[in-house]
Amino acid sequence: MKFVLHQNELPALQQHLRQKGWLQTGEQLQAASIPGAGNMNYTLRIHTNQRTFILKQARDYVEKYPQIPAPAERARIEGQYYRLIEQDAALAACSPALLGVDEANCLLMLEDLGTSSDYTFLYRKGETLGWEDLQALLEYAMQLHGRFKADVQPVSITNRKMRALNAEHIFHYPFLEENGFDLDTVLPGLQQLAMPYKQDTRLKAAVQALSKHYLEDGPSLLHGDYYPGSWLKTARGIMVIDPEFCFFGPPEFDLSVLLAHLKMAQQPAESLQHVLSYYHLPLQQDLLHALTGVEIMRRIIGLAQLPLDLSLEERGGLLAEARQLILG
């Protein structure tokens, strides 16, 4: 990587963008701002004398946790995802347009979706995902999983390095008795609450079997991180972003993440039931339930914590439910 994106180095950035042919005639950079709190990548909103756009650079580490290495090729793979879904008008309308890919520097140029917020507000008590938004998320998932099949696509997205990273933090790290992360720093008493699950050999064996399934290639294009942090509330409606974990895999994975986060956000039972009844593509129900349980567990006792508005008792109830889902 020769060019490093930085908010305070506009002259160098303008020169680089002009060399790439990404600026219009007479276009001058005026400012750069941080569009929102990101986890994986370094992201800027660029203001010019003509427009705004988003630049997103993948480094060889996780932006929020620089001590965690991560493959910088995720930018190229995210670009592949956007190029694929451009073939489908409905999916393209729910995602930012891809304006440029600089593979050598792991840099993407994306449409600016304007003033927006992600849906992590759902984790606050009393917040509800609107019916129209839930319907849009289900339509997006069904169209993505049904339209883009691995056996007919000219581009096969395996994303093995990112899947290996994800698998470590979903199926392995949260279940280690000693992993260097004191859960009491999240909520006092959580470390003790988690310990029986970290010592449950039957549970851990089932989780490891699911890990192998996740790492196998599957039939459908997946977003790979289909949770409220990847959904944006915009003037155009709900939009889906950040597909850097995308791959061709089992559709149960995307749907399990959606269900798990609706549960952790304490959404109404009717919403969860609607997900199960409305999604009409074939699913392995036992796999869907088990993956839902793993996502709940890794978010409560793993490193990738959420701003959950849940008491210790409520988290305990979710962990017990998740164990039942995993073990059937």
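This is a predicted model: local features need pLDDT of at least 70, side-chain atom pairs count only at pLDDT 80 or more; totals for chains, interfaces and linings use all residues.
Let's start with α1, which covers residues 10-20. Its buried residues are L10, L13, Q14, H16 and L17. Why do these count as sitting on the same side of α1? They cover an arc of only 165 degrees around the axis, so they share one side of the helix. Here is the background: an α-helix has 3.6 residues a turn, so residues three or four places apart point the same way. On the other side of α1 you'll find P11, Q15 and Q19, which are exposed.

What do the buried residues of α1 pack against? They pack against five strands: β1 (29-33), β2 (42-48), β3 (52-57), β4 (98-102) and β5 (107-111).

Strand β2 is mostly covered, with 5 of its 7 residues buried. It has an antiparallel pairing with β1 over 4 bridges, and L29 stands opposite T48 of β2.

β2 also runs antiparallel to β3, and 6 bridges join these two. Across that pairing, L44 stands opposite L55 in β3. The two strands make a hairpin, with 3 residues between them.

## A three-strand sheet

Elsewhere, 3 strands form an open sheet in the order β6-β8-β9, with antiparallel pairing. The edges belong to β6 (117-118) and β9 (237-240); each has a single partner strand, so one side of each is left without a neighbour in the sheet.

Strand β8 (residues 231-234) pairs with β9 over 4 bridges. If you want to find one on screen, look for K233, whose bridge partner in β9 is I238.

As a rule, in soluble globular proteins, nonpolar side chains tend to be buried together. In this model, the largest nonpolar core has 92 residues, and the ones that touch the most other members are I85, F171, L221 and I300. Which helix gives this core its largest share? That is α10 (residues 285-301), with 9 residues.

Now zoom in on F171. Leaving aside neighbours within four places in sequence, F171 is in contact with V207, Q208, L210, S211, Y214, L291 and V294. Apart from this core lies another one, of 16 residues, with L13, Y42, L44 and F53 among them.

Helix α4 (residues 131-147) has 17 residues and reaches 24 Å from its first C-alpha to its last, close to the 24 Å expected at 1.5 Å a residue. Its buried residues are D133, L134, L137, L138, Y140, A141, M142, L144 and H145.

The C-alpha atoms of L138 and H280 are 142 residues apart along the chain but separated by 9.9 Å. H280 lies in the loop between α9 (269-278) and α10. Is H280 buried or exposed? It counts as exposed, because its relative accessibility is 60%.

How many disulfides does a search of the whole structure find? The search turns up 0. Take C94: the closest cysteine sulfur to its own is in C246, 17 Å away, so that is too far for a bond. C246 has its closest cysteine sulfur in C106, at 15 Å, which is also too far for a bond.

Definitions and conventions:
Residues are numbered from 1 along each chain as its sequence is written. Side-chain values use heavy atoms; hydrogens and water are left out. The expected span of a helix is 1.5 Å times one less than its number of residues. Buried means under 20% relative accessible area, exposed over 50%, partly exposed in between (1.4 Å probe, protein chains only). A disulfide is a pair of cysteine sulfur atoms within 2.5 Å. A nonpolar core is a set of buried Ala, Val, Leu, Ile, Met, Phe, Trp, Tyr and Cys residues joined through side-chain atoms within 4.5 Å. Contact means heavy atoms within 4.5 Å. The arc is that of the directions from the helix axis to the C-beta atoms. Two strands pair if DSSP finds at least two bridges between them.
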